[in-house]
Amino acid sequence: MGFASGSAAKMGFFRRFGLWLLFSSLADLRSGDGFYLPGSYPHEYQVGDALSVKVNSLTSIETEMPFGYYSLPFCRPQEGIKDSAENLGELLMGDRIENSPYRFKMFTNESDVFLCGSKPLSSQDFDLLKKRIDEMYQVNVILDNLPAIRYTKKDDYVLRWTGYPVGVRAGDAYYVFNHLKFTVFVHKYEDANAARVVGSTGDAADVIQTTGKSGSGKPGWMVVGFEVVPCSFLHNAESIKNVKMYDKYPAKIQCDPITVAMKLTQNQPIVFTYEVAFVESDIKWPSRWDAYLKMEGAKVHWFSILNSLMVIAFLAGIVLVILLRTVRRDLTRYEELDKESQAQMNEELSGWKLVVGDVFRAPDHPLLLCVMVGDGVQILGMAIVTILFAALGFMSPASRGTLITGMLFFYLILGIVAGYFAVRIWKTIKCGDHSGWVGVSWRVACFFPGIAFLILTTLNFLLWGSQSTGAIPISLFIVLLLLWFCISVPLTLTGGFLGAKAPHIEYPVRTNQIPREIPPQKYPSWLLVIGAGTLPFGTLFIELFFIMSSLWMGRVYYVFGFLLVVLILLVIVCAEVSLVLTYMHICVEDWKWWWKSFFASGSVALYIFLYSVNYLVFDLKSLSGPVSATLYLGYSLFMVIAIMLATGTVGFISSFWFVHYLFSSVKLD
């Protein structure tokens, strides 16, 4: 695979997922020569102004565990290590952005700049560097919110990566990249560019300027590109004894990215240098992210997206036509008969008309069903609202972590909807009796968050044991618990109270006291339920490949508007699959449709999890160690449970509506 890919794939799960969604929102806003990003502003710099260069966590697709930049023996800034302002989403994403020792000045080219010489490598540092090189860790540098991009050639193709490798292994020897050649692309500040950018939030660490600092009206410059070329150069350690940081290195440094020379040797120091060149570019500020959105195989990617959409629409149309023709023909035939013929038909024919006295009988474990439906409504609502806001461009890389923060915010707020749906279904099952609504609401507030807390805590212990920056700090755990109990739980209880006050849904037919015996079936009904998940999965598996690649392999998935359409079509397919399966069950006098309607569409999660295991075995062969595999499977399980609740809720609600409509459309004695 060569060097490891960009930072989007080599970070904690939340960070990968967040950057995937952020990059997705960018591409849908592309138009003409660029696009604007709400929430981001161009920053104007005068010639000679200092530029803030930052570093992010070291990341790798080999382990999927990020580590702090200064966990390796790199040069440290003279003023000490300082963390950048971080929000809740940024912490959850695993970002640990810190200041760096690199010092740039706008439009000031510098070469052969001495940074520092490390201490002689101890056995611990020597082994750690070798391990990070073997695991293909990348160094991520940021300038004006732009990650450093690196270009490599393979055959006739030019590959783009974000970040650069710590080093490379050649045979039994290890070489470190200790000289960096930076290229900063700048564009002259133009008022027209600023006028096109409208938003309310920007990078909190920078100050917005629209005129020169001196007020002289001199033209300023904007950063529109940031590239890095790593080199392994053998320095003379003796010649730097009297050289201070940022002084000129005594000899000329020839940066050749093809050859390596700085071999790692125990008890020997490493000398770090860099050079920076500023190049005026025609790229305008709104288009500066275009380089990050370009990916190989884009035509194939777009074709697969459109193919998935057509398959989903085609299957949805077929299911809808079959459903309408079958049910309407059955109802029309039944309504045309007189009462005597209807009575005779009830005696002679089997089918859904014979379960009229049992079809609304309370299901097994009704409390659990109400809780899962309530949580499913909350998760589905969060997904739709978040994707909609991101597709409209309200999330951008200029404000890191905003998407994860937004997801958490929408999830907390929608607790009121979850409580309302769960309690109202509970009240309907109990035929108007709302007693126990507090317990239902409390369980809704704790069921899915409790599962998520259990999974993420277990995985967090693995990250803590590995000293990874992807681990959620204790302080953040406390904040999440406070948000859970102080916001989510009260809102869910409020929704439950509203659901208890709302009128229950009255059944169109009465339920018999004695349950009807379900005739023996030729095949297990649950087998059909599990198999039903193949239909929505079959429409998504091509798209799922790109999504998995973006999350774990660093291949940018950027058609976020299409994702919104795919989500809507998935909801339609899940509803229709569950609806048809429910009709098939009641046609064979199986009146226990409640749970089966939930899992008919929710079973798609089973196939997604099996696909995740297949992807781990055949596509993530480079994933090293049981800890990394456990993290992958743990995060996959977390996603699959959320998908099951959301899709299962869609199936249950559609089937409930269908059964209610079916039995209210015909009168049976």
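Where does N140 lie, relative to strand 4 and strand 5? In this predicted model, N140 sits in the loop that links strand 4 (138–139) with strand 5 (141–143). The residue is buried, because its relative accessible area is 5% and the cut-off for buried is under 20%. The side chain of N140 also has a partner: it makes a polar contact with the side chain of T59, at 3.0 Å.

Let's step back to the whole chain for a moment. The protein chain holds 18 helices and 14 strands. Of its 669 residues, 55% are buried. If you take the contacts with a separation of 6 or more, 85% of them join residues 24 or more positions apart.

Now for a residue in one of the helices. F485 belongs to helix 12 (residues 474–501). Is F485 buried or partly exposed? With a relative accessibility of 41%, F485 counts as partly exposed. Setting aside neighbours within four places in sequence, F485 touches W442 and P490. The C-alpha atom of F485 is also 9.2 Å from that of C446, a residue 39 positions away along the chain.

From here we can move on to how some of the helices pack. Two packed helices are described by the angle between their axes and the distance between the axes. Take helix 17 (residues 604–618) and helix 18 (residues 625–664): their axes come within 8 Å and cross at roughly 160°. Helix 17 and helix 18 are therefore roughly antiparallel to each other, since the angle is over 145 degrees. The crossing of the two is right-handed. On the helix 17 side, the contact is made by V604, A605, I608, F609, S612, V613, Y615 and L616. Helix 18 contributes Y632, L633, S636, L637, V640, I643, M644 and T647. Sorted by type, the residues of this contact are 13 nonpolar, three polar and no charged.

Helix 17 also packs with helix 14 (residues 534–552), at an angle of about 40° and with the axes 10 Å apart. Helix 14 and helix 17 are therefore oblique to each other. Their crossing is right-handed. From helix 14, the contact draws on T534, P536, F537, F541, L544, F545, M548, S549 and W552, while helix 17 supplies V604, Y607, I608, Y611, S612 and Y615. What kinds of residues make up the contact of helix 14 with helix 17? They divide into 12 nonpolar, three polar and no charged.

Key
Residues numbered from 1 in each chain as written. Predicted model: local features only at pLDDT ≥ 70, side-chain atom pairs only at ≥ 80, totals over all residues. Heavy atoms only, no water. Axes fitted to C-alpha atoms, helices over the stretch in contact; angles between N-to-C directions. Helix = DSSP H or I, 4+ residues; strand = E, 2+ residues; numbered from the N terminus. Parallel < 35°, antiparallel > 145°, perpendicular 65-115°, else oblique. Left-handed = near helix turned anticlockwise from the far one by under 90°. Contact = heavy atoms within 4.5 Å. Nonpolar A, V, L, I, M, F, W, Y, C, P; charged D, E, K, R; others polar. Buried < 20%, exposed > 50% of the residue type's maximum accessible area, 1.4 Å probe, protein only. Polar contact = N/O pair within 3.5 Å; in protein donor to acceptor, adjacent residues only side chain to side chain.
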